Amino acid sequence: MDLWKILLATAMWVAHSFITEEADIARQTTTDWMSFCREVCVCMLVNESVTLGGPGKIVEIDESKFGKRKFNKGKMVEGAWVFGGVERYSNKCFMTVVQDRTSETLLSVLKEWVIPGSTVMSDCWKSYDCTGAHTNSIEGTWAACKRSLKGTRRVKDGMDGYLAEYIWRRCHRSGVKSTTRQFFESIIKVYPPNKEIEKE
């Protein structure tokens, strides 16, 4: 793509605009570039290693099934289980696809993302102890994340990328800089400019 189309497509991805029509880019090219943008979000999530909680802070945890309903009714018939958590009164959160929901798996994820000494609250899932406390923040986060995926096809194939995109957007939505500028800065962090080319 021409540079101006790359910049326009990226800015429109950040703004959830209609890239294919507005930037006059082929549908497959649009799909590929959106995948690249999600890849940047995944890399930033890994590189920044954001952890939640700490002494005096509350982290709500929960599991949710991401998938689609047959004829939009009944139980979820396909998809993936996601384990996640949110730190109250902040934009920090984590979400990760889990192969099973055993206590060993969930506690392993918990230790990776939540700082020791945090107050952890969950609902009454059998995989971990019931605290009896509300988990409204994480429930609201699940709903918002699923709305962001509405209309996306074959989400299961690229679930990590979609979750990383949601987390990136959530963490950068209230910054001093515009979201678009923050995303271009993220691209630079993941793919630093070639200094030799700059000199030429």
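1. The buried residues of helix H5 are Ile138, Thr141, Trp142 and Cys145, where buried means under 20% relative accessible area, exposed over 50% and partly exposed in between (1.4 Å probe, protein chains only). Seen down the axis of H5, these buried residues fall within an arc of 105°, so they line one face of the helix; the arc is that of the directions from the helix axis to the C-beta atoms. An α-helix has 3.6 residues a turn, so residues three or four places apart point the same way. Asn136 and Arg147, on the other side of H5, are exposed.

2. This is a predicted model, in which local features need pLDDT of at least 70 and side-chain atom pairs count only at pLDDT 80 or more, while totals for chains, interfaces and linings use all residues. Residues are numbered from 1 along each chain as its sequence is written, and side-chain values use heavy atoms, with hydrogens and water left out.

3. The chain has eight helices and four strands. Helices (H or I, at least four residues) and strands (E, at least two) are DSSP runs, numbered from the N terminus. Along the sequence the pattern is α-α-α-β-β-β-α-β-α-α-α-α. Of the 200 residues of the chain, 38% count as buried.

4. H5 covers residues 136-148, 13 residues in total, and reaches 19 Å from its first C-alpha to its last, close to the 18 Å expected at 1.5 Å a residue. The expected span is 1.5 Å times one less than the number of residues.

5. How do H5 and H6 pack, and at what angle? The angle is about 115°, with the axes 10 Å apart. Axes are lines fitted to C-alpha atoms, for helices over the stretch in contact, and angles run from 0 to 180 degrees between N-to-C directions. On the H5 side the contact (heavy atoms within 4.5 Å) is made by Thr141, Ala144, Cys145 and Ser148, and on the H6 side by Leu163, Tyr166 and Arg170.

6. His172 lies in H6, which spans residues 159-172. At 13% relative accessibility, His172 counts as buried. Leaving aside residues up to four places away in sequence, His172 touches Thr179 and Gln182.

7. Helix H1 (residues 3-14) has twelve residues and reaches 17 Å from its first C-alpha to its last, close to the 16 Å expected at 1.5 Å a residue. Its buried residues are Lys5, Ala9, Thr10, Met12, Trp13 and Val14.
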